[in-house]
Amino acid sequence: MIRYLEKSGIFILETKNTHYVFGIDKAGYNRHLHWGDKCNAADYEFTEISGENSNNSMLDEYKQEITPFGSTMYRECDIKARFSDNCREISMHFENYDIDGNTLKVHFEDDYYPLQITLNYTVYEAYDIIKRSVTLKNTGTEPIVFDRIFSAEFALPSEKPYTFINTNGAWGGEFIQTDTVLDGGNLVFESHRGASNHNAAPYFIAHQNADENSGDVYFASLAYSGNFKVSANRDAYSITRISIGMNDFDFSHTVLPGESFCAPPVYCGKAEGFGEMSRNMNRFCVEQLLPKQFNDKPLPILYNSWEATGFDVNAKHQTELAKIAADMGVELFVMDDGWFGKRNNDQAGLGDWFVNPEKFPNGLDELIENVNRLGMDFGIWMEPEMVNPDSDLYRSHPDWAYHYAHRNADELRNQLVLNMTRTDVQEYIFNCLDELLGKHNIKYIKWDMNRPFSQTGAENLENPQMYSYLHTMAVYNIVDRLKARYPHVQFESCASGGGRCDLGAISHYDQVWTSDNTDGIDRMTIQKGYSLLHPIKTMRAWVTDIAGINKPCSLDFRFNIAMQGSLGIGGNLTKYSEEDLEICKKNIAFYKAIRNTVQFGDLYRILDIEKDEVLCNEYVSTDKTESVLFLAANGTRFYKKKCNLRFAGLDEAKTYRFTLDGTAYQKGGAYLMHIGIPIYVRGVDYNRAIVLKSV
Ligand code: GLA
């Protein structure tokens, strides 16, 4: 619900459990007032700030929804413009507002220049989530150049320092959580790489001693896969503010007369504990954000051939793998890299998206039909945004790759990035995919992107510094167009593993490839990080032959971890023993029985592998009639892991039945959550999955 208190000029955005409050004060400034528990609406007011002196500007103490550049506001600003006469200050005043159901638009205008600024809000009441963004409109006759356009500013309520959670990841180590106390100065999480990257995440999670179940947690996540910036600051007045949006480090955007620009949206919320935060975001993403073709359908169990065959793909070998996969219960068979152009290694072929006639002399359909006959769907790998210099595409269109005329093009993995801001490049890529999907019975595309950008010339653009945004939008647009034409095709966002896993990607792709690191032990940490603000069903997790890089772990262990997302298999099945194949069959059948609870249920992180030596995650179905609890440990010390396992998220009034280590239990939800059952976790390869069903 959205309310406007006319007399005081205050907007109240009300969700199930929170109020988000801001307004326009008598002087016309936008002022942030409150984000948190609900208060009496009539009590909200602007408090006056005193104590201004020659070095303390009162304006710098304002908490705002958006801070324009200029005046005596020396803190981080959100919007920075250059008008035609080189004036760089924005002085904005409130004009009016529109409320339409759960959407609010608050319009401001510059006092002199022809610039309209609109703050957009959408309230998703049931999820305690609010969407924010900003729209800029040039109503004049001269271009306006923007050097910074952030999507939103946030101010936190407490004067005490907050801890910020983000990630300090890398290829093979995505989503590794960092916790940084922001006492003073700036804390910045960002990407300069063109895409959202493996390193930091385009979000903030801020709290003061919160845990899974309690404590105020404030969070906001940018739905954008290009260069981003999350800039938090705690100032001399002990105010913690965060600005979030497209990165301004190599950014400039010209808004022409009559045109507008809307910055990428941010989804924010306040929750009680990290658990509630993740559950709210999970449900919100599944029900509201994910593309509608597959959001409410369980994702299939896939097999991917990459780790088994590398670039050496052909119909015979793939069919051999497919037979074993089908026999195990796999539903979707995916052929990875190597099927196109002259792709025998990573030195050639990207860009030439036609079937390699030596590897597939009878065409692709021979393999697809084999796979279909085995009762599975067929999926395929592509890396549409890239080109190898050794490719027909590059030889005929060298200018299609990002470049500077008088600089060498840096290759990474022997490849260059195509300039997707060009419409001819967009059409080429769309047509390649259109032809592939139109001609063959393909049900899934793994859309990869294996290097960051460089030499981003884009001389076709009025303003090349806008490349990251335009490139990102072009990718989204092609995926959307293909999805509209082929609604039965699933898309996965992959970027050397988890290099493009953000709410922007999730708004267009049905799933993501979380990490190339499929080590069951490392995955416990990677997947925890992913689960904080991303929907579980989008998290692809494979069981492969990487049986623990540092400490070995069994096939059952690897299944136990991979089943906590959307399960995939990626090992070299032709080398599996009969016994291994039976283990796979058993686990796949088990996953089929519980996958709805995992993919659509509520996650409770009960024990943390980093802090507790034991990982314990429980997924509870939304009607609380079923739950599946996973336990895993990779070596416990001092015999101390004898504990009472307290379940979570159950219905206190329901009775549940389950078996653990041969003991059958029948207990009430209240007992299981408040008292629990004794467990004894021991050894290096401990893993259990417990299914609770209400009686
Ligand atoms: C990337 C992906 C892998 C695989 C290879 C193929 O590294 O993350 O899963 O698809 O490319 O080249």
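This is a predicted model: local features need pLDDT of at least 70, side-chain atom pairs count only at pLDDT 80 or more; totals for chains, interfaces and linings use all residues.
D337 sits in the loop that runs between strand β22 (332-335) and helix α4 (365-373). Its relative accessible area is 1%, and because the limit for a buried residue is under 20%, D337 counts as buried.

Apart from neighbours within four places in sequence, the residues in contact with D337 are W306, G310, F311, V313, R343, W381 and R413. With R343, the side chain of D337 makes a polar contact, side chain to side chain, at 2.9 Å.

## The ligand site

D337 also belongs to the ligand shell: of the 13 residues around the ligand, those that come nearest are D336, D337, R413, K446 and D516. By class, the shell holds six charged, four nonpolar and three polar residues.

Several polar side-chain atoms lie close to oxygen atoms of the ligand. For D337 the distance is 2.6 Å. For W381, which is also in contact with D337, the distance from a polar side-chain atom to a ligand oxygen is 3.0 Å. In N450, an N or O atom of the side chain is 3.2 Å from an oxygen atom of the ligand. On its own the ligand has 310 Å² of accessible area, and the protein covers 95% of that area.

## Salt bridges

Side chains of opposite charge can pair when their charged atoms come close. The structure holds 41 salt bridges, and the pairs below are among them.

K316 and E320 lie in helix α3 (residues 315-328), four residues apart, or about one turn of the helix. Their side chains form a salt bridge with an N to O distance of 3.8 Å. K316 is exposed, at 64% relative accessibility, whereas E320 is partly exposed, at 36%.

In the salt bridge between K297 and D296, the closest N and O atoms are 3.3 Å apart. K297 has a relative accessibility of 39% and counts as partly exposed; D296, at 52%, is exposed.

R395 and D390 form a salt bridge through their side chains, at 3.0 Å from N to O. Both partners fall in the partly exposed class: R395 has a relative accessible area of 48% and D390 one of 40%.

## A linked group

Salt bridges also join residues into a network, which links D37, D216, K270 and E272.

Note on methods
Residues are numbered from 1 along each chain as its sequence is written. Side-chain values use heavy atoms; hydrogens and water are left out. Helices (H or I, at least four residues) and strands (E, at least two) are DSSP runs, numbered from the N terminus. Buried means under 20% relative accessible area, exposed over 50%, partly exposed in between (1.4 Å probe, protein chains only). A polar contact is a pair of N or O atoms within 3.5 Å; within protein, one must be able to donate a hydrogen and the other to accept it, and residues adjacent in sequence count only if both atoms are side-chain atoms. Contact means heavy atoms within 4.5 Å. A residue is near a molecule or strand if one of its heavy atoms lies within 4 Å of it. Accessible areas come from the Shrake-Rupley method with a 1.4 Å probe; for residues, only the protein chains shown count as cover. Ala, Val, Leu, Ile, Met, Phe, Trp, Tyr, Cys and Pro count as nonpolar, Asp, Glu, Lys and Arg as charged, and the others, Gly among them, as polar. A salt bridge is a side-chain nitrogen of Lys or Arg within 4 Å of a carboxyl oxygen of Asp or Glu.
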